[in-house]
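Please look over the structure below before reading on.

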There are 2 protein chains.
Amino acid sequence: MMNPHNSPPSRGRRRLLGRLAAGGLAVSHAAAASELLRPLEVASSSRVPGAPVLEHPYGVPSPHEVNVVRRSARAWPLPGAASSMTPLADLHGTLTPNGLVYERHHGGVPDIDPDQHRLAIHGLVRTPKLFTMDDLLRLPSESRIHFLECSGNTGNEWNGPSGMPVQLTHGLLSCCEWTGVRLSTLLEEVGGVTASGNTSGGWLLAEGADAAAMTRSLPLDRILDRALVVYAQNGERLRPENGYPLRLIVPGFEGNTNVKWLRRLKVVNSPLQTREETSKYTSLLANGTARQFAFEMDAKSVITRPSPGHRLTTHGYYPITGLAWSGRGTIRKVEVSTDGGATWRPARLDGAILDRALTRFQADWRWDGGATAILSRATDSTGYAQPTRAELVAARGLNSQYHYNAIQQWRVDASGEVRNA
Amino acid sequence: MMNPHNSPPSRGRRRLLGRLAAGGLAVSHAAAASELLRPLEVASSSRVPGAPVLEHPYGVPSPHEVNVVRRSARAWPLPGAASSMTPLADLHGTLTPNGLVYERHHGGVPDIDPDQHRLAIHGLVRTPKLFTMDDLLRLPSESRIHFLECSGNTGNEWNGPSGMPVQLTHGLLSCCEWTGVRLSTLLEEVGGVTASGNTSGGWLLAEGADAAAMTRSLPLDRILDRALVVYAQNGERLRPENGYPLRLIVPGFEGNTNVKWLRRLKVVNSPLQTREETSKYTSLLANGTARQFAFEMDAKSVITRPSPGHRLTTHGYYPITGLAWSGRGTIRKVEVSTDGGATWRPARLDGAILDRALTRFQADWRWDGGATAILSRATDSTGYAQPTRAELVAARGLNSQYHYNAIQQWRVDASGEVRNA
């Protein structure tokens with residue numbers, strides 16, 4: 001079943017649910033213990049030979065998972081200048097499989113022959129150079145797990161609950177292992193930055209080879225210790241829609257600065273005020289001034305299960321689980337409220353807590369069948385805590401599309417339905 | 001280009017190669033610096049709109065990567081009782097994308113409806129139970145990154161160099177983030193193990209719902225702190241060929257014990273001596289006795305680039321990179337030799353060094369154009385060091401198909417060709 005909370009309970013299931021409602025962590029099927037003292041019936045799947053090895057030399061998901069796909073929140077007037085979202089409610093752990101990494105393109109997905117692709121590094125550097133993909137593969141590499149989040153993610157919640165499920169509210173968010181060459185190694189390869197483009201004051205212009213020639217200016221001193229020029233994600237070469245054959249990864253910075261189909265890095269003395277950092281990706285504040293070059297995605301979290309579209313089928317135990325992340329470091333703690341924000345308690349953080357990567361949290365919850373609301377709040381390693389929507393609106397007003405990171409509330413009706421309301 | 005070392009150099013490339021051969025880490029294209037002072041030509045991919053968002057709601061690799069697929073080392077008489085290997089030479093970082101995780105099946109890949117699937121936990125437990133997938137999703141979960149290796153991996157090297165490339169010698173090896181329920185949590189759900197099946201002496205029988213009813217006995221005290229019953233890999237539900245909808249993960253143990261399509265866990269007092277632990281997966285030693293229940297995969301490493309099939313196209317710098325792992329803990333160090341084993345130096349370990357997970361290593365190498373051999377040697381957190389083939393053969397003889405973990409040597413000819421010889 002795609003969604004564990006969506007189906008009406010079967011008769012056997014209803015009996016189980018009755019038992020579950022009695023309390024405790026116990027989870028069991030209607031099958032009595034005595035039934036299990038006899039040999040199990042042979043599984044029908046054991047009676048026939050299965051599909052051969054290499055039926056799919058490159059594997060695909062189970063047909064039973066056909067609804068776990070990327071989706072768009074709306075129809076876009078230009079299909080290449082659009083986005084699609086990661087199905088967070090159906091995912092587990094912290095990594096996003098490459099086939100489900102969110103998309104946000106400004107001019108569609110180009111088809112680039114890696115043998116023909118070149119990366120130019122020029123501007124205020126001693127020896128400008130063109131790099132082939134082979135050149136890049138002959139430099140020392142580094143692999144790191146980092147999240148990517150579009151700065152427009154969750155923007156539809158600025159004006160209050162949108163009613164949308166978590167895939168469409170928070171799904172411009174993914175997390176992969178990225179492999180490539182450190183930006184600092186590449187700058188060494190071009191002889192270093194010249195005095196006028198010194199790294200304490202220098203900027204880096206990054207340009208993509210797509211139809212939008214996506215172009216952003218980045219402050220060198222804030223990215224040089226961690227930016228990568230990558231050719232692989234989750235072990236294999238980049239997917240076309242993720243920048244094949246080459247992209248920039250600037251850990252923690254808004255997604256669009258991680259320029260895909262990267263063809264050019266130019267060291268300059270000041271930001272070049274491109275379209276994507278003036279008319280776009282800049283926030284108009286309530287006082288009429290602009291918040292430009294915000295870059296870092298602030299600490300944020302969201303409950304992915306249960307979440308809108310799920311339905312609690314019985315009173316009793318549910319594990320609340322979700323994701324937390326910060327563009328400024330690691331997640332220090334996540335707190336969960338199951339009474340609409342009146343009280344909070346710490347969630348468990350699962351596995352390794354990595355820098356600028358998704359962190360999975362989990363909290364035990366016993367639903368008593370009443371209407372309530374569930375929320376999560378992340379605090380990062382800088383001490384910054386995710387704000388309420390009211391706090392965020394007070395600071396930024398209602399004109400902005402970008403960098404919405406407020407605490408997200410899901411309502412739970414007495415019927416068990418979970419809604420974004 | 002699929003393989004950075006395979007193609008003959010173009011004219012421009014030859015000029016570059018001359019420069020590289022001059023020494024230093026410098027990598028650069030023939031394009032002169034002066035050329036880069038003029039504006040770059042607009043990329044052809046910038047002149048036309050790209051493909052739309054959601055062209056693939058579930059994404060697929062670039063057509064340029066069509067050769068990066070699983071492969072079998074030989075034709076198998078029964079296509080469902082066969083294996084396929086992960087293309088290690090083409091992968092980066094430490095994770096294996098789900099579509100490239102190796103296969104080893106004994107009765108083919110069953111098609112299982114997750115709504116109908118049940119897991120029975122019975123035997124020496126207080127309250128035997130059947131669990132639905134929904135039941136399992138309502139228990140606390142855990143995610144961890146672990147490698148899987150078939151105990152037959154690299155078995156074709158027992159009699160000396162097989163001539164095969166690394167995909168076929170070491171490709172029964174993959175690494176994923178696994179999400180599911182701790183075995184210990186499930187045993188709590190059935191009221192715990194009864195006195196006669198106490199965890200210090202108890203065994204666990206695990207059975208799959210495939211046509212082979214793959215069945216193994218496992219020592220509870222050695223697995224209870226870390227075994228997981230998992231429903232997800234790398235963020236999404238298991239792939240069919242990886243046990244959809246449910247499998248056992250026993251971190252560090254030989255692959256076949258991580259029973260796929262898991263339908264039954266029975267607590268018993270002693271191993272049940274199944275076919276897969278008597279006639280198979282047991283090693284005949286030189287003295288005629290059997291090495292049974294070896295389980296843990298010992299520390300091992302292999303250089304994946306350059307490796308057989310690659311060709312060094314010029315003298316000069318190459319980063320040597322590969323993978324190291326141990327079924328008994330973390331990797332403490334990897335050493336590399338570039339002179340046929342005469343001298344060794346430490347390799348860099350990349351990223352987080354995780355328990356029973358693949359670890360990426362890297363070492364700088366300057367090839368002087370002479371014939372040589374390159375090797376790697378792993379040492380794990382227990383202090384165990386990967387043996388030479390001679391040491392392994394002295395200890396185990398030549399009758400065994402399983403648990404081959406000797407140091408692997410790749411020859412480099414003066415022509416630059418890399419061979420398993």
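Is Cys175(A) buried or exposed? Cys175(A) is buried, with a relative accessible area of 0%; buried stands for under 20% relative accessible area, exposed for over 50%, and partly exposed for what lies in between, with a 1.4 Å probe and protein chains only.

## Basis of the report

This is a predicted model, in which local features need pLDDT of at least 70 and side-chain atom pairs count only at pLDDT 80 or more, while totals for chains, interfaces and linings use all residues. Residues are numbered from 1 along each chain as its sequence is written, chains are lettered from A and ligands numbered from 1 in the order in which they are written, and side-chain values use heavy atoms, with hydrogens and water left out.

## Chain A as a whole

Chain A holds six helices and 23 strands. These are DSSP runs numbered from the N terminus: H or I over at least four residues for helices, E over at least two for strands. The radius of gyration of chain A is 24 Å, close to the 22 Å that the globule rule gives for 421 residues, so chain A is as compact as a globular protein of that length. The radius is taken over C-alpha atoms, and the rule is 2.2 Å times the number of residues to the power 0.38. Along its principal axes, the C-alpha trace of chain A spans about 80 × 60 × 40 Å.

Of the 421 residues of chain A, 63% count as buried. Among contacts (heavy atoms within 4.5 Å) in chain A between residues at least 6 apart in sequence, 72% join residues at least 24 apart.

## Cysteines

A search of the whole structure finds zero disulfides over all chains, a disulfide being a pair of cysteine sulfur atoms within 2.5 Å. For Cys175(A), the nearest cysteine sulfur is that of Cys176(A), 6.7 Å away.

In chain B, the sulfur of Cys175(B) lies 6.7 Å from the closest cysteine sulfur, in Cys176(B), which is too far for a bond. Cys175(B) is buried, with a relative accessible area of 0%.

## Arg348 of chain A

Arg348(A) belongs to strand β19, which covers residues 348–350 of chain A. With a relative accessible area of 38%, Arg348(A) is partly exposed.

Which residues does Arg348(A) contact, leaving aside its neighbours within four places in sequence? They are Arg360(A), Phe361(A), Gln362(A), Asp364(A) and Pro140(B). Asp364(A) is 16 residues from Arg348(A) along the chain, and their C-alpha atoms are separated by 9.1 Å.
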